[in-house]
Amino acid sequence: MKLVLVFAVILGCVSAASLGRRREHYRGNQLLRITAENEEDVKWLKTLEGTSSGTLDFWSKSAGGRTVDVMVSEGYVREFNQMLDRRDLSYRVLMNDVQEHVDEEYEHAMRTSMASRSKRDVSFDYTVYHKYDEIQQWTDDIAAEYEFVTKFSFGKTYEGRDIGALEIAAPPISGAKEPKPVVYFEGGIHAREWISPATVMYFTGKLLENYANGDTDARRVLGMFDLHIIPSLNGDGYVFSWTDERLWRKSRQPNPDFGCMGTDLNRNFESYWGGDGASPWPCSIVFRGFTPMNNMELAAIDNHFTQLKKDNRETKVFIDWHSYSQLILAPWSFDSEYELPEDSEMQLAAASAMAAAMNSTNNVPGGYIHGPSARLLYEAAGASNDYGYAGLPQARYTYVVELRDKGDKGFILPADQIEPTGEESYNGVIALLSWIIDNDY
């Protein structure tokens, strides 16, 4: 009993000390959900998103773009609320003090991380959030555990971190192409979306475990496709979200001659770069970069698919995993009025199968819905799903998947949501790839 109490005290002290070193960036910040009544209100909010620097942080928009979640800095709350009142826009407070939620999540993350490492059973704990080094160690361990899994360096971040990646190349089964088509899964492009790397690792681990146990679905999927898995692309930003600013979104590559850091990597892709939904202002949270693909993390993606093209490899699926809003978003992202891709009907049919499997798993509150990105959500030029389809990958089935939740916790999603999110995502992956095998292999 004494040992348990001592360990609990140590955890508490370490956690408190860690919290003490972190700056309270979000004390007094409010998270509001605003309802836009018409297109003029939507345009007004979009203008604010592109020009605000530090005072407003747009977290998410609903399908159709009529509700918007915005974090408002403490010193701007009163003025912004008055602006909303003048426009007669209704809103409600989702979080009255964002810092309280950040502290609660971080303290839990520190406690569970230390408790997990203290266990005699050293198996990876998929039910807690992990630091970047632990994620990279996971890639080493998975590659060592399965003979058909290879760890490779996808590239390096601006600050010199290795971007660990896995190739899962199980023996082909009857009917498989030679070489097998590639399925590309990427997590963590936005640093603050911790549920993304956690989910990618969860369903990857479960897929491999089920394969080893003879599961029919897992053996079929891995026998027909090779999977390339990048659990955490934006390592610099992810580390910064643990050590300094929990809600940091962008890369950490400096912007010369400006007093702010980073690019929104999901506005920096070359396909349809520079349009609506991305900002030319370096201090904006949706800064598009000075030129397309000018961040090292995206250069690594381009290099990867350039090599696949040289090797005559087909990329069949490209999915960039995000949070939040529970959406499966197909091209296009850059323009809501642009004619949909010629493959749109197939893309949406496969996404429908994926959504149905995810929704039937846990009766997830609010459910997952699917559709063309700009038409269902909002315009976002230079986004990954347009690149996946129209850029180097040329993957017919390209999506951004927005994971849990619908906004009650948003980016500060409690760790007890990792497992259900991972379970429904696993079933969604199986359903999507099975649909492709049955209909378009």
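Which residues does Glu402 touch, not counting residues up to four places away in sequence? Glu402 touches His322, Ser323, Tyr324, Ser325, Gln326, Leu327, Leu329 and Tyr368, where contact means heavy atoms within 4.5 Å. This is a predicted model, in which local features need pLDDT of at least 70 and side-chain atom pairs count only at pLDDT 80 or more, while totals for chains, interfaces and linings use all residues. Residues are numbered from 1 along each chain as its sequence is written, and side-chain values use heavy atoms, with hydrogens and water left out.

**Confidence**

- The protein chain averages a pLDDT of 91, and 92% of the residues score at least 70, pLDDT being the predictor's confidence in each residue, from 0 to 100.
- Over residues 1–21 the pLDDT stays under 50, and for this stretch the model has 17 contacts beyond four places in sequence.
- Where pLDDT is low, the predicted coordinates should not be read in detail.

**Glu402**

- UniProt, in an unreviewed entry, places the feature "active site" at Glu402; its positions are given in the numbering used here, feature names are shortened, and annotations may be inferred rather than shown by experiment.
- Glu402 lies in strand 12 (residues 397–403); helices (H or I, at least four residues) and strands (E, at least two) are DSSP runs, numbered from the N terminus.
- Glu402 counts as buried because its relative accessibility is 8%, given that buried means under 20% relative accessible area, exposed over 50%, and partly exposed in between (1.4 Å probe, protein chains only).
- The side chain of Glu402 reaches the backbone nitrogen of Ser323 at 3.3 Å.

- Ser373, found in helix 11 (residues 373–376), is buried, with a relative accessible area of 5%.
- The side chains of Ser373 and Ser333 make a polar contact at 2.9 Å, that is, a pair of N or O atoms within 3.5 Å of which, within protein, one must be able to donate a hydrogen and the other to accept it, and residues adjacent in sequence count only if both atoms are side-chain atoms.
- Tyr91, in strand 4 (residues 90–95), is partly exposed at 29% relative accessibility, and the C-alpha atoms of Tyr91 and Ser333 are separated by 27 Å.

**The disulfide**

- The structure holds one disulfide, a term for a pair of cysteine sulfur atoms within 2.5 Å.
- Cys260 and Cys283 form the disulfide, with their sulfur atoms 2.1 Å apart, and because the torsion about the S-S bond is about -85°, this disulfide is left-handed.
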